[in-house]
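Here is a short briefing on the structure below.

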There are 2 protein chains.
Amino acid sequence: MEVKSIFEGISDEDVNRMLKCFEARKMTFKKDRTIVTNIINVKMIGIILSGSANMVRYDYNGNRNIIEKLEENSVFGEVFSRLGSDISVVATSDCEVLFIEYEHIIKRCKKGCSYHSMLTDNVLKLLSQKIVYLNERLEVLSKRTIRDKLLSYFELLASSSPKRTFTIPFSYTDLADYLSVDRSAMMREIKNLKDDLVIKTNGRRITLISY
Amino acid sequence: MEVKSIFEGISDEDVNRMLKCFEARKMTFKKDRTIVTNIINVKMIGIILSGSANMVRYDYNGNRNIIEKLEENSVFGEVFSRLGSDISVVATSDCEVLFIEYEHIIKRCKKGCSYHSMLTDNVLKLLSQKIVYLNERLEVLSKRTIRDKLLSYFELLASSSPKRTFTIPFSYTDLADYLSVDRSAMMREIKNLKDDLVIKTNGRRITLISY
DNA sequence: GAAAACATGTTGCATTTGCAACTAAATAAT
DNA sequence: ATTATTTAGTTGCAAATGCAACATGTTTTC
C-alpha cells in the first residue's frame, strides 16, 4: 500500500518517456543549499530523488520553524504545502531533486496512456500519506505544553518499535524548531522527563519507559 | 479550480449510478449528535451533504481540541485525517452525511467509466485543498504565543476580505479549542490586541487594523 | 416568561515558557 | 593538530499561559 515514489509500479522506459513528455528537470544541490524559496509561484512539484532536506520558515521574530523533514522520494511544492509564505526548502545533505509541473501530473493526457493513470493513483496515495503525516504533526503541535508535545512526538516514533526505543531524526536544536518551542525550555523538559523516569536517553537515542 | 464536491462536473444520473455501484449510504444526524467515533476502522469516507460538523479530540487532560470545521461538501475519514486516535466528528447543526468506502473511489474500475476518472481528479483536487488547509492550520499552531496564533489566524481570515473585516466561524470558546489555548488567556490577549489598536471587534466580527 | 444552559468577560495566582547568557562537549574546517 | 563552529546542557529571570473561580450577558428549553 505504501507508495515509495510517484513512479512506483511504472516501468523505467515509461518513466523516462513521461519525464521527457513532462519536461521534467533534474537538479543537484549541495548540503545546506536552498532548493526553493518563496519566490517561485509556478506550480511545480519537487521530488527528492536522493538525499534529504528540511522545509523551513522563519517568522518575523527570527524563529526558525521546521515544517517538514523531507527524505528520499518525498514530494514538496506549492500545491501541497502552501509554499510562498516565506517557506523555503533547504538541503540537509547533498541531494538530487526532480522538478515537474503539477498540471502535467494531474491532467490526464488525451491519449489515455496506461502509465498515466498509474501515476494518478500514486499521487493520490502520496497525498493521502501526506495528509496522515500532517495530521500527526497537528496532533503534536496542538498539545499545550512542551512536555506533552515531546511525549506525543516520542509516542509516534516509539510506536513503530516494539522496544519503544528510537532515534530522533534531528539534532535537539532542530527538534525544538520542529516542535515550535524554545530549545532551552525543551531541554529543561527533557531533563524533567528523565528525572521522572518517563524516558531514558543516550544521545539522540531515546526509550519511552511509560506513558 | 476549486472543487466543491467530489461529484463536481459529473451528471446527476452518473452520480446516482455511482452511488448505487459504490453502495453509498446516506444518513442524517441531529445537531450535537456524534457522526463517527474512533470505533470505526473501516476505510470509509464521509461527505457532508448539508449542515456542518466539527472534528474534535479530547486529550487526557480533558481539553477539547477542534481539529477541523467541516462545512457542506467537506470530506472526512480515516484515510484523510488519521481518525482512530480518539477523534470524533460531531454535528454542529442537523446534517446529512454520505458514506462511501474509500477503496471504491480510488480503485479505477475495470470498465473505465468516464465519470470515474473525473471522480479521481476531483478527489485529487480535494486532497490538495485539504493539504493546503492543514498547512495553514500548522502555520497558525506553530506560532509560539497566543497573540501570534490569533494574528496569523486572523490574517488568514482577513486576506479574503478587502476591508480586512471578517466573522470568526466559531464561538470564542470554540476558537480557543481550535487554537489549542486556554480560553481565558485567549480573551485576555484579544483584549490586549484591542488596547493596542491592532484589531477592532464587534461580537464575532473582527477587523484587522494593522499587522 | 422563568429557569437552565451556555457564551463572554475578567481577575489573582501558580506554573510554564521564552529569552539571554553562559559552559562544556562534539564536529567540522584549515 | 589546532582552531572554529555547531550542538548540548544549564540557569536566572521576566513574560506568557493555564487554571480556577468568578460576574454578567445571551440563547435555549420547557
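Chain A is assigned domain 1 (12-141) and domain 2 (146-208), with bounds from an automatic or database domain assignment. This is a predicted model: local features need pLDDT of at least 70, side-chain atom pairs count only at pLDDT 80 or more, and totals for chains, interfaces and linings use all residues. Residues are numbered from 1 along each chain as its sequence is written, while chains are lettered from A and ligands numbered from 1 in the order written.

**Domain contact**
- In chain A, 8 residues of domain 1 are in contact with 10 of domain 2 (C-beta atoms, placed from the backbone, within 7 Å).
- On the domain 1 side, β5 (64-70) and α4 (114-141) of chain A each supply at least two residues (DSSP runs numbered from the N terminus: helices H or I, at least four residues; strands E, at least two).

**Confidence**
- Chain A averages a pLDDT of 84, and 87% of the residues score at least 70 (pLDDT is the predictor's confidence in each residue, from 0 to 100).

- Beyond its neighbours within four places in sequence, Val123(B) is in contact with Leu124(A), Ile6(B) and Ile105(B).

**Surface near DNA strand C**
- Of the 18 residues around DNA strand C, Thr145(A), Asp182(A), Ser171(B), Tyr172(B) and Ser184(B) come nearest (near: C-beta atom, placed from the backbone, within 6 Å).
- α7(B) gives the most to this surface, with 4 residues.

Notes. Contact = placed C-beta atoms within 7 Å.
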